[in-house]
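Biologist: I am new to reading protein models. Could you walk me through one, feature by feature?

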Amino acid sequence: MERFFTDFSESYHINPMFELLDIPSDWLFTLGSFAGGGALGGLISSIINRRENRRIKQSEASQSEASAKREDALAATEMMGLLERTVAHMEKMNSYNKSNSEELLRMLKEKEGINEKLKKDIALLQLQIMEDHRRITGLEKTVEREIRWRKDGDDHYCMVEDCENRVPPRGTFKRVEEQL
């Protein structure tokens with residue numbers, strides 16, 4: 001093999017390059033062999049390990065998919081927790097609203113009952129006012145009549161006990177109410 005490189009280097013004038021580098025050609029050929037062998041080994045390794053590399057990539061893909069699914073499951077669990085808390089909160093609010101609406105309905109019924117009682121009381125008071133007004137009007141008429149009669153009596157009053165001129169005789173006068 002060394003002879004091949006020597007012939008090759010002589011035919012293409014590579015030898016002067018080796019002289020410039022001052023590296024022994026044996027070392028250069030050894031280094032070239034290692035580089036070529038390494039590249040050839042890498043090619044063979046990649047061909048042989050192709051299935052293994054594919055399995056590793058699939059494993060990594062399935063791991064990342066499992067990780068994504070795990071994160072999705074955690075997010076779904078968190079969302080379920082939030083939903084449960086929201087439902088519990090809504091149930092509390094519904095219970096609170098129901099108790100408030102029942103209380104408001106009870107208060108409204110009480111208010112309606114009180115309003116009805118007040119209306120009845122107002123109607124009764126209006127009847128009493130009308131009755132009191134009628135009585136007062138009657139009393140005013142009676143007082144006016146009595147005042148008229150007294151004025152009339154003062155005009156006809158006689159101080160003599162047994163006056164023979166008295167008309168009508170004492171104790172026989174009947175007053176008749178005047179029609180207005």
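This is a predicted model: local features need pLDDT of at least 70, side-chain atom pairs count only at pLDDT 80 or more; totals for chains, interfaces and linings use all residues.

Biologist: Which salt bridge does the side chain of R135 meet in?

Modeller: A salt bridge pairs a side-chain nitrogen of Lys or Arg with a carboxyl oxygen of Asp or Glu, within 4 Å. Here the partner of R135 is E131, at 3.3 Å from N to O. Both residues sit in helix α4, 4 residues apart, or about one turn of the helix.

Biologist: Is E131 buried, exposed or partly exposed?

Modeller: E131 is partly exposed, at 29% relative accessible area. The label applies because the value falls between the 20% limit for buried and the 50% limit for exposed. E131 also forms a salt bridge with R134, where the closest N and O atoms are 2.4 Å apart. R134 and E131 are 3 residues apart in helix α4, so about one helical turn separates them.

Biologist: How many salt bridges does the structure hold?

Modeller: It holds 7. Another one joins R106 and E103, with the closest N and O atoms 2.2 Å apart.

Biologist: Why are R106 and E103 separated by about one helical turn?

Modeller: Because they are 3 residues apart in helix α4. Now check the accessibility of each. R106 counts as partly exposed, at 38%. E103 is partly exposed too, at 34%.

Biologist: Which residues are linked with R106 in a network of salt bridges?

Modeller: E103 and E110. When you read such a network, follow the residues from bridge to bridge.

Biologist: What about the chain as a whole? How many helices and strands are there?

Modeller: There are 4 helices and 0 strands. From the N terminus on, the order is α-α-α-α. Helix α4 covers residues 50-155.

Biologist: What share of the residues counts as buried?

Modeller: Of the 180 residues, 3% count as buried. The chain exposes about 16,900 Å². Carbon and sulfur atoms supply 60% of that area.

Biologist: Which residues make the nonpolar surface patch?

Modeller: M80, L83 and V87 make it, and the patch is about 260 Å². Take L83 as the example. It lies in helix α4. L83 is partly exposed, with a relative accessible area of 46%.

Biologist: How is a pair of aromatic rings described?

Modeller: By the distance of the centres and the angle of the planes. In this case, a search of the whole structure finds 0 aromatic pairs.

Biologist: Which residue lies over the face of W149?

Modeller: R145 does, at 5.2 Å from the ring centre. For a charge over a ring, look at both the distance from the ring centre and the angle to the ring normal.

Notes: Residues are numbered from 1 along each chain as its sequence is written. Side-chain values use heavy atoms; hydrogens and water are left out. Patches are made of residues with over 30% relative accessible area and no salt bridge: like charges are joined within 9 Å, nonpolar side chains (Val, Leu, Ile, Met, Phe, Trp, Tyr) within 5 Å. Accessible areas come from the Shrake-Rupley method with a 1.4 Å probe; for residues, only the protein chains shown count as cover. Helices (H or I, at least four residues) and strands (E, at least two) are DSSP runs, numbered from the N terminus. Buried means under 20% relative accessible area, exposed over 50%, partly exposed in between (1.4 Å probe, protein chains only). Rings of Phe, Tyr and Trp (its six-membered ring) pair if their centres lie within 6.5 Å; planes under 30 degrees apart count as stacked, over 60 as edge-to-face and the rest as tilted. A charge sits over a ring if NZ of Lys or CZ of Arg is within 6 Å of the ring centre and within 35 degrees of the ring normal.
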